[in-house]
Amino acid sequence: MAKSVDEFNKKRLRSSNITVVISIALVLFLLGLMGLILINAQKYSDYIKEQLVVNAYFDENYDAKDSLKIAKLEEETFKKVQTLAPVKKATYISREMASQEAKKSMGIDADALFEENIFPSSIEVALKPEYVDPAKIDEAIKIIKSVPGIVDVKNDSTLMVEVYNNLTKILRWILGFSILFLILAVVLINNSIRLKIFSKRFIIKTMQLVGAKRRFILKPFIIEAVVLGAIGAVIGLLALFGVWYYFTNQIGSAFVQNNQQYFWLILLVLGVGILITVLSTIVATWRFLRTNVDDLYYS
């Protein structure tokens with residue numbers, strides 16, 4: 001009879017542990033998913049910002065006999081622009097390239113429309129994401145315009161401001177949802193652990209009544225919490241990256257290629273899983289250590 005009771009208790013304990021691990025894994029999977037979305041949203045936002053370019057123009061009025069001298073000057077100016085703090089990428093566009101681009105945009109293939117290259121050579125500048133901020137775009141333009149050889153800098157400031165504001169709003173919403181999921185992770189994992197500790201409240205009190213110190217009673221529960229938290233986090237991460245790998249393969253894009261960010265995300269999920277599990281275990285166990293024996297039946 002005693003053997004059957006022990007087996008029943010072991011099965012119930014295993015079932016309780018499995019339930020806790022699955023709960024932790026599911027919650028951390030959702031938390032990690034929001035982390036992946038946030039990381040890639042930030043990178044995609046930076047990518048879009050880098051597509052918003054400004055055009056720095058050279059002087060279009062010069063004598064044909066000075067063409068070699070002008071070409072050398074434009075080359076030196078281009079190199080200087082590439083080294084400027086706000087510049088992410090710079091592309092040189094010659095007068096010939098500008099004319100070809102104009103013909104292409106107009107849908108004209110013949111050369112009869114332009115007797116000569118009437119468009120000035122220029123530099124197409126993609127700014128660093130932080131300089132697309134409406135508060136800094138003017139500063140970036142001034143820096144580019146100060147380079148000798150540049151006579152004018154133009155950009156579609158209205159489009160830049162609109163895109164920047166929309167991207168900022170999207171990132172704020174994603175960040176808000178990430179914080180919400182973190183709070184839900186804390187609450188759900190805490191509830192799972194409390195239910196597990198609740199089922200052992202009589203064991204905890206019995207150990208205390210026979211003289212065991214609180215530290216001695218807490219130790220095995222904390223060790224178990226670390227193990228359960230780590231296992232739940234690993235399962236959640238495996239599911240997370242499995243789903244993410246399938247998703248990126250389906251759409252043909254790997255999104256963020258920075259392995260360091262994935263490494264920090266793994267550490268964050270693992271740390272959150274273990275930390276919340278341990279803290280919840282300590283709080284729940286401590287509660288029953290301070291509870292009277294009679295109150296255990298009504299807790």
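**Exercise 1. An aromatic residue**

Is F263 buried, partly exposed or exposed?

*Solution.* Start with the source. The model is predicted: local features need pLDDT of at least 70, side-chain atom pairs count only at pLDDT 80 or more, and totals for chains, interfaces and linings use all residues. Residues are numbered from 1 along each chain as its sequence is written, and side-chain values use heavy atoms, with hydrogens and water left out.

Next, take the cut-offs. Buried means under 20% relative accessible area, exposed means over 50%, and partly exposed lies in between (1.4 Å probe, protein chains only). F263 has 47% relative accessibility, so it counts as partly exposed. Now take W264. Its relative accessible area is 51%, so W264 is exposed.

**Exercise 2. Ring pairs**

State how the rings of F263 and W264 are arranged.

*Solution.* Aromatic rings are described by the distance of the centres and the angle of the planes. Rings of Phe, Tyr and Trp (its six-membered ring) pair if their centres lie within 6.5 Å; planes under 30 degrees apart are stacked, over 60 edge-to-face, and the rest tilted. The whole structure holds 4 aromatic pairs. For F263 and W264, the centres are 5.8 Å apart and the planes stand at 70°, so this pair is edge-to-face. Elsewhere, ring pairs join F58, F78 and Y92 into a cluster.

**Exercise 3. Salt bridges**

Find the salt bridges and describe the residues in them.

*Solution.* Apply the rule: a side-chain nitrogen of Lys or Arg lies within 4 Å of a carboxyl oxygen of Asp or Glu. A search of the whole structure gives 2 salt bridges.

- One joins K79 and E75, at 3.7 Å from N to O. Both residues sit in helix α2 (residues 67-82), 4 residues apart, about one turn of the helix. K79 is partly exposed at 49%, and E75 is partly exposed at 46%.
- Another joins D152 and K154, with the closest N and O atoms 4.0 Å apart. D152 is partly exposed at 24%, and K154 is partly exposed at 48%.

Helices (H or I, at least four residues) and strands (E, at least two) are DSSP runs, numbered from the N terminus.

**Exercise 4. The sheet**

In what order do the 4 strands of the open sheet stand?

*Solution.* Strands pair if DSSP finds at least two bridges between them. The order is β2-β3-β1-β4, with antiparallel pairing. The edge strands are β2 (87-93) and β4 (150-154), each pairing on one side only. From one strand to the next, the twist averages 25°.

Now walk across the sheet.

1. β2 and β3 pair over 6 bridges. V87 has L127 in β3 as its bridge partner.
2. β1 and β3 pair over 5 bridges. A56 stands opposite I123 in β3.
3. β1 (residues 53-58) and β4 pair over 4 bridges. The bridge partner of F58 in β4 is I150.

Helix α4 (residues 134-145) packs on this sheet and touches β1, β3 (122-127) and β4. Its direction makes about 160° with that of β4. Contact means heavy atoms within 4.5 Å. Axes are lines fitted to C-alpha atoms, for helices over the stretch in contact, and angles run from 0 to 180 degrees between N-to-C directions.

Finish with β3. In this strand, 5 of the 6 residues are buried, so β3 is largely enclosed by the rest of the structure.
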